[in-house]
Structure formats: C-alpha cells, structure tokens
Amino acid sequence: MPVTITQDPGTAPGAVSAKPVPAAAATRPPSRPVVTAEQRRRSPQRRRRVRRDAMLFLALIAPNFLAILVFSYYPALYNIGLSFFDWDFVAPRPEFVGLENYLSLLTDPSFGEVLRNTLVFSGVSVVVSIAGGLLLGSLMATKVPLTGFAQTMAFAPHMLPGAAVGTLWLFMFDPNYGLSRWLFSQLGLASPDWTTTSDWSLWAITIAYTWQRLGFVTVICYTAILDLPKDLYEAAALDGAHGWSLFRHMTLPLLSPITFFLSITGIISAAQAFDIISIMTNGGPGTSSSTLSWMVYEEAFKTFDIGTASSAATILLIILLVITWIQVRAGERTVNYA
Amino acid sequence: MSTLPAPAPSPSAAPAAAEATPAPAARNRGRARGPRRPLWRTALLMAGVLATIAVFLVPIYWLFSSALKPRPDIYTWPLQWIPTRLTLDNFVEAWTSAPFGRFFLNSIITTGVGTVLEITLAVMCAYAFVFVDFRYKKIFFGLIVASLMLPGHVTLIVNYMTVANLGWLNTYQGIILPGIASAFAMFLLYQFMRTIDKDILQAAEIDGAGHLRRMLTIVVPLSSPMILTSTLIVMVGKWNEYVWPLIVTSTADMRTLPIGLQFLRQQEGMSNWGAIMAGAVFVSLPMLILFFLAQKRIIGGLAAGALK
C-alpha cells in the first residue's frame, strides 16, 4: 500500500497549512503564494472540485439510497394510496372507494380485537423485556460465576429464526407431550391448550416472542450498565446510597436514554412480529391472536382484499409514528443524557 | 473488566435483595461497598443466574434432545428428561419428507448474495457520508436512517406488486433485491469510519490517490473489524427472514429454510414432533454455530448500534 505513507517531509507542511479547507489542498500546488479563503472559494478549481465531490457523493450513495426509495419510501406512500381503493391483485383497475375501507375497518368489532391484541402483544413484550432486561442486565454485571454463560444462553434465542422459535414453543406448549404439561403437573394442574383456545393463544405468542427478545434487551442493558460512570457511584455510595435506592435513583435515570431507545425499537419490532404468529397460531383461533401485522398479511395474501390490507397497514404506520412522536417528545423532557 | 469495584454489584444486587428481605441495605450499611460481597448475597445472585440459564437453556435443550429421541420416547408420560436412546432417524425423516437440501441451497444463495450486496452498498454509502464533501449530506443521511422506523409490513403489498411487475416472483432476485437497502449496517459503518484518523487519508490524497483508491486501500482495510461485524449481523437477519420469502416464492424448490420448516410441518401432519424438531435443528444450527463462534462481535455490533 504505497499511499499510506504519512510522514513525508515534503508534503507535511502543505497538509498542515491546508487544514482549514482541506478539500482545496490537493489542487493547490504548495509553492503558490498564500491565497485568501474568499479567493479560494471562488476559484474555478475549487468550484470544479466541489462539483466533482458532489457527483462522487451522489454516485456512492445512489445504489443504497435508490434501494431505500424504491423498496421503503415508495411502497409506504403507495400503500397509503392503495388504502382508498378496492382491489384484489387481479382486476385490471382498482376501484376508488374513498374512506370506505377505513370506515368498515373501524366499525368492525373483529378489527377492534386485532388492535387490542396488537396492543397487548407489543405492550407486554416491551414492558416485560425491558423490566426483565434491566434486572438480568444488572445481575450479569455483578460478575458472579456463570454470568458469562448465562448471557450467551440468553442471547442465543435472538439469533434463531423466528420460525424455529415458534416451532419449538409450539411443541413446548403441547398439552400432552410438551414441557407445559410437566410444568403445570408440578402445580397439580392440567396444561391449557395454549395455541388452540382463544383464551390462551395471544399469551402463547406473547410468551414465545418475549422469550426470544429478552436476551437481546438484557445484553444491551448489561453493556450500558458497564459503561456507567463509576465515580458517580462511588460518590453516591459515600453519601450512603445503597441497594434499591441506588438502583432507583442512579442506575435507572442514567440508563434512561437506553430504555427509551429500547422501548421505541421494541414497539416497532413487536408490531412487525410475524413469523412466530404465523407458525404458532395463524392469528387464530378466530382472530384471538391476530395482530395488525398478521392481519395485513392475511387480508393481502390469503383473502386478496388489498384495500382492507393496505388500510390496516396504514393504520399500523400511523400508530407507530404517533407512538414514536410521543416517545420523542416525552423523551426530550424526561430522558437524562448526563 | 473483572476488577470492577463496588458500583456494579450494588445496583444489581438491589432488585433481588429487595425482594428477599425487607431491609437488606440497612443491615449491610458500611460493608457492601467493599470489594467482597456477603456470602448470602452471592448465593442469592447465583440462584438468579442459574434460574436465568434454566429459562433459556431448557427450551434449547428440549429442541435438541427431542430431535435425537426415538419416536416412542417423545410420546411418553412422565416426560423423559434424559434420552435413554439416541437416534438420527428424525433427521433422516425430515430430510426425506421435505427437500431440505434444496432449502439449504436457497438459503445459502439468498443469504450470501444478499449480504454481499447489502454490505457493499453500506460501505460505499458510509464512506460517502464520512469522507466526501457535499452540502446536503444531512438530508440524505436523515432519510436513510429514518427508513429504519418504517415497519416492514407497510411496504409488503407494494413491494410484492413491484417484484411481480418485474417478473421476479419465485426467483432469487425477487427474494434478494428488495432486502439489499442498508440503514442499520450503514449506520454502524458510518459510526466506525468517523473514528478513522483523517490525516492518513489526507496524506494519501496528496500522494495523488483518488477517492476510490483511498476507500479500497485505506478505509476498507481499517474498517474491516466493523465490516465483519455488520456482515455477521446482516447475515443472521437474512437467514432468519420469513415473511418476504414466504410471499414471493410459490414452489417448494424456491423456499428458504425457515419456510421449509413450515412446509415440513404440513408434510408431517403437524404433530410428528421428532421430525419437526429435527427440521428446526436444521434451520437453527447454522445460526447457533455462527453465534458461538462470533458472539463477542455480534453482541458488540448490536450494542454499538443501540448505544450510540
């Protein structure tokens, strides 16, 4: 690599003097007399240089940026448009129906159930994984024996395909031959039919999903706890803060940027959870474990009701944007970035 | 790291201790600060650690042990915790009742090609944001990072239409291309490249090395740890991808492994758990091996993405 030479006596002074406007350094021969910044900005070389950098910048980001435009922004906007039409993927022209899709969704009681399921699924998984993650993360930070192994095991499910996690939990929840039967028999009870009764199906997918997510949150909390400023703790300890009060008044506020981040990303990923639901319950029985993300898939690719599916997807988008906005607003006020 | 003094133990001991006894902190005042923790407290923490291990290890143990048990041993009560006989029959049955060879091939192709493409785009993009001057950089950066907030299900229907219009349904390019846009990996690489000493690049520039050459001979080698980390993270994501390949493929010979697992369940009548668990092992094992080989890197990368 000949270009990595850093200490060339001939070029070093040039590099130093070029510091304020580094871009101009290369085009300007070092021997030329001093030029003012104003002159340099106006010089044709400089302008050509700026234009060339701009072209290069655009060329470098173009593939990624276009991919994001074509496969993220364009479909998100187009999806909103589709929600005002009635279509089945087949008819030559979608039929404009205005707000009818939204009206029929909002007056349909089963859509209310889907919304409630989404709320329970996301809410429970986010709250439990963050509370559990803080607890386990601080447990791991004690460095008692086996914490390293515990951390590895906790994180492993996060690496597994949701399809495999869903399949595994389906077996564990089997009321006849699964671990659920063993667990409940220890309490002298019979295992519920987790995935086939509407009372339990939502809890089945929530448990499986939270199990997969918890290790990720734990590891993030653990890393954040190790990064906390130690001198603050020593000062607090001298002031007599211990145990719970230390955790409550020091650790929690200091971790607030992280819990804030984890709650936003947690809600977004819970709202997109699909593989576990698809494997374990197919949203059923009935709509008892159907969430918005499952419903979008079912309406679009099973019943081919594109209008309803895209309206549900738009509602999902709006809910997530509102939640993100509220969290950002609340975060500005309460998050401690010290 | 292991010489961490007081701060780490105390906050963590707190929740567990608070549950156990009403006022442990008060009783231990003046002692808990020392490098040593009272024995009962260590025991309590250890119990917590063991419980954590059990919660995560038992289901994974159950997955592997069931896959290795002969059929009658799965359907017994009381449950057989430790298999008395081990067999590979379930794996053979899973492999023959669904085209797992083909699923593996499809998963390897889509994950491999998709990862290489996404990381290439991410490196180019991150380099541009860090090292190339442009006035409206911030707008582009904001747009790319904000796309992380868009839930995948909002784009599902229209992406399906796009791929269908291109005639790419049930093809590798149909599975791969909509997933190559990179925001998270780009962000990780961006954060890393910002720490590269700019003087090195300036010296190279004065030596006449253009941007492309600087990128390939200086920035890429210097960023290789983070490129490796983000490659691993992207790879895991693509391997585990479920909803998109499910929608875009329609024949068994184009399915990837996670969807193949569902296919196997249908073939096996939903309740031949031995074979189904064997299939789940096929799907999971590559990711578990990858994780155990590179866990520091993967966890470090994900934590860096979250904490910065």
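Where in chain B does B:Pro78 lie? It sits in the loop between α4 and α5 (89-97) of chain B.

What you have here is a predicted model, with an ipTM of 0.84 and a pTM of 0.84. Chain A has a mean pLDDT of 85, and 86% of its residues reach 70 or more. For chain B the average pLDDT is 86, with 88% of the residues scoring at least 70.

Each chain has a stretch to treat with care. In chain A, pLDDT stays under 50 over residues 1-28, a stretch for which the model has 43 contacts beyond four places in sequence. In chain B, pLDDT stays under 50 over residues 1-34, and there the model has 58 such contacts beyond four places in sequence.

**The annotated spans**

UniProt, in an unreviewed entry, marks "transmembrane region" in chain A at residues 54-74, 119-141, 153-173, 200-225, 258-280 and 300-323.

| Span | Distance between end C-alpha atoms | Helix | Strand |
|---|---|---|---|
| Chain A, residues 54-74 | 24 Å | 100% helix | 0% strand |
| Chain A, residues 153-173 | 21 Å | 86% helix | 0% strand |
| Chain B, residues 175-193 | 30 Å | 63% helix | 0% strand |
| Chain B, residues 273-294 | 31 Å | 100% helix | 0% strand |

**Where the two chains meet**

Now for the contact between the chains. Chain A puts in 102 residues and chain B puts in 101 residues. On chain B's side, the residues touching chain A split into 74 nonpolar, 20 polar and 7 charged.

To see one piece of this up close, find helix α14 (residues 292-301) of chain A and helix α8 (residues 152-165) of chain B. Their axes come within 9 Å and cross at roughly 10°. An angle under 35 degrees counts as roughly parallel, and α14(A) and α8(B) are therefore roughly parallel to each other. Which residues of the two helices meet? From α14(A) they are A:Ser293, A:Val296 and A:Ala300, and from α8(B) they are B:His153, B:Leu156 and B:Ile157. By class, the residues of this helix pair's contact are 4 nonpolar, 2 polar and no charged.

**Inside chain B**

Chain B is divided into domain 1 (9-87) and domain 2 (94-307). Their centres, taken over C-alpha atoms, are separated by 35 Å. Where these two domains touch, domain 1 gives 7 residues and domain 2 gives 6 residues. On the domain 1 side, α3 (39-68) and α4 (71-74) of chain B each supply at least two residues. The largest share of that side, 4 residues, comes from α3(B). Sorted by class, the domain 1 side has 4 nonpolar, 1 polar and 2 charged residues.

Most residues other than glycine have a negative phi, and most peptide bonds are trans.

B:Trp77 and B:Pro78 are joined by a cis peptide bond, with omega about 0°. As noted, B:Pro78 belongs to the loop between α4 and α5 of chain B.

Chain A has a cis peptide bond to show as well, between A:Gly284 and A:Pro285, with omega about -5°. A:Pro285 is in the loop between α13 (275-280) and α14 of chain A.

Terms used: Residues numbered from 1 in each chain as written. Chains lettered and ligands numbered in written order. Predicted model: local features only at pLDDT ≥ 70, side-chain atom pairs only at ≥ 80, totals over all residues. Nonpolar A, V, L, I, M, F, W, Y, C, P; charged D, E, K, R; others polar. pLDDT = per-residue confidence, 0-100. Axes fitted to C-alpha atoms, helices over the stretch in contact; angles between N-to-C directions. Parallel < 35°, antiparallel > 145°, perpendicular 65-115°, else oblique. Domains from an automatic or database assignment. UniProt positions renumbered as here; feature names shortened; annotations may be inferred.
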